[in-house]
Amino acid sequence: MAHLRVSDVTLSFGGLKALSHVDMAIEPGLITSIIGPNGAGKTSMLNCISGFYHPTKGKILYKDKDLTHASPHQVSTMGIARAFQNLELFSGLSVLDNLLLARHQNLTYSFFQAAIFYGKASRIEAENRAAVEDVIDFMELEPVRKHMVGSLSYGFQKKVEVARALTMDPEILLLDEPMAGMNIQEKEDIVRFVMDIQKERNITVVLVEHDLGVVMDISDRIYVLDFGQVIGSGTPEEVANNPKVIEAYIGED
Amino acid sequence: MSQNRWLATGNFFTSYKQEQRTFFTHLDRTIFTCFLVILFGWPLVFEISNKYMLVLDNILIAIVAVMGLNLLLGFAGLISIGHAAFVGIGAYTVASVCQVIGENHVIVTHFWPVLIVVAGIMGAIFGAFVGLPALRLKHLYLAIATLSFQMIFEWFIQFMSFFNQGQTIYVGRAHWFTGQVGRNDHYLFWYYIILTIVVVLGFGVRNLLKTKYGRCLVAVRDNDRAADAMGMNPGLTKVYAFALAGFFAGVAGALHAYLYRGVGFDSFTLHHSVAYLAMAIVGGLGTLNGIFWGPVAIKYLDLQVEQFSELAGHYLTYAPNVATALKPLSFGLVIVLFLMYEPRGIANWWRIAKSYTKLWPFRY
């Protein structure tokens, strides 16, 4: 039984079809990767799922709930969190505040309770702070907890980006190229985190990534996109032997 | 937390609640309390003329208004060139009540705290309404949209006979438990009232900034796409920011109406909107203490320049225009200089001064 089902999704911008008739099924508890050459529509696919784009045709269902026309904040309240490709952090805030912002929906006090900040607001803030610290601990962000995000190195910012999505306690985590622009060591770190996220926290991971080595190593399922169409899917072995995929990546001989 | 709570040295937190405190050490708290005691206590010791008391009252009212503007512009990153119009909404709320039921009606004179809150709510409603373009517009375009509100407000007031076409609408004298506040105590009375309101609202803002209602503003300023993905509705947050700013402005307007015992349209012009902007910028956008520095600095400058231009007018009798031009000139110059050399405002000086004195008397 698929967790998240993308059926027959077409996304067009004017005459350009970013996605055409894409079908995907994201199984719970697995790492599903979406790969493909530049401009294949990987990020468009994530944008459709997370509500930034709305498919022109087709449907996206998550546990029988229709996500097709949901806005990003509605999607995120349903338990689908997303990390962005080009760092979309709140650079004027500390790491801690960035992560606390991701707890937005869990902070249930009212405006007046917040203004008085006594009792309920204070208690809930402290509880959520504990949840945030848990993620900080998990992602090894302790040394930079109170630093301004804008002043951190690229590698740390990428980690904060993933941590922020994780702080939302999602059931599905959408990671958009978490390893782009990193060196081998940093990549290994992130890979370790992604695997831990799946194993220790039982979160379904959808990974968009360019590094084929990483993708083949850690994915349970792979979807290959090219020019907005799914040209192959299955386990890493199946995909690696798929002639269409080989053609898209290496070209005809 | 360790035994000695007087100094920050050697202290560490053992619970998240301790970290939420506004004052981390007893020393901080004591200094702040002393400061408040001085603010409330000095009029009992010293006596100053009503002219200077009025200046102080004006500073405090400007602080209330700038509180809203700083939340809007500094924290939420939304430009508003119509802030004086929101202040005007508050003032004209009181004025409308006076027009309908009479300026000396018991509601106006005895239930003024209620009217001040109502004025704040009216400001918030108008703020939310004017904030609607923020759903679509950003930066300069939003500035123009708020500017148009300012223009509409001025036009509306000037042409409505209900509002006396912008001429003064009188507001009755307020009553306190001891009876009507007399002519001589008027400014002192309002000094205490406004100071209390500033302190209460200041703590309110401080608390809000520690919670999601403050953080969401900054989130929308820094990155509204990400804010959306984090589960907050950026459009709603922007409207909320405008409503919040409108509330503070409305309260400031009502206080202005009571302080001057009258409402005229020329206290809420575009010029005043720009002055509020200047106060917010000079104070320091996006900082809490900047809210207090800005109005103090700008009003003090006004006072000094006024005295200086009197002096200049005395010597430069052949060029009386020099004296009158000095005020806007110095005002503009200060804004330009701040934007060029200290865009983070006086609050940044405060921060630097604090970090210098932190280790005193040790060098490192």
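The structure is a predicted model, in which local features need pLDDT of at least 70 and side-chain atom pairs count only at pLDDT 80 or more, whereas totals for chains, interfaces and linings use all residues. Residues are numbered from 1 along each chain as its sequence is written, and chains are lettered from A and ligands numbered from 1 in the order in which they are written.

Chain B contains 15 helices and 4 strands, taken as DSSP runs (H or I, at least four residues, for helices; E, at least two, for strands) numbered from the N terminus. Its radius of gyration, taken over C-alpha atoms, is 22 Å, close to the 21 Å that the globule rule (2.2 Å times the number of residues to the power 0.38) gives for 364 residues, so chain B is as compact as a globular protein of that length. Of these 364 residues, 42% are buried, that is, have 20 or more other C-beta atoms within 10 Å of their own, with C-beta atoms placed from the backbone.

In chain A, I203(A) occupies the loop between α7 (184–201) and β8 (204–208). I203(A) counts as buried because 22 C-beta neighbours lie inside 10 Å. The C-alpha atoms of I203(A) and S33(A), 170 residues apart along the chain, are separated by 14 Å.

Note on methods. Buried ≥ 20, exposed ≤ 12 C-beta atoms within 10 Å, placed from the backbone.
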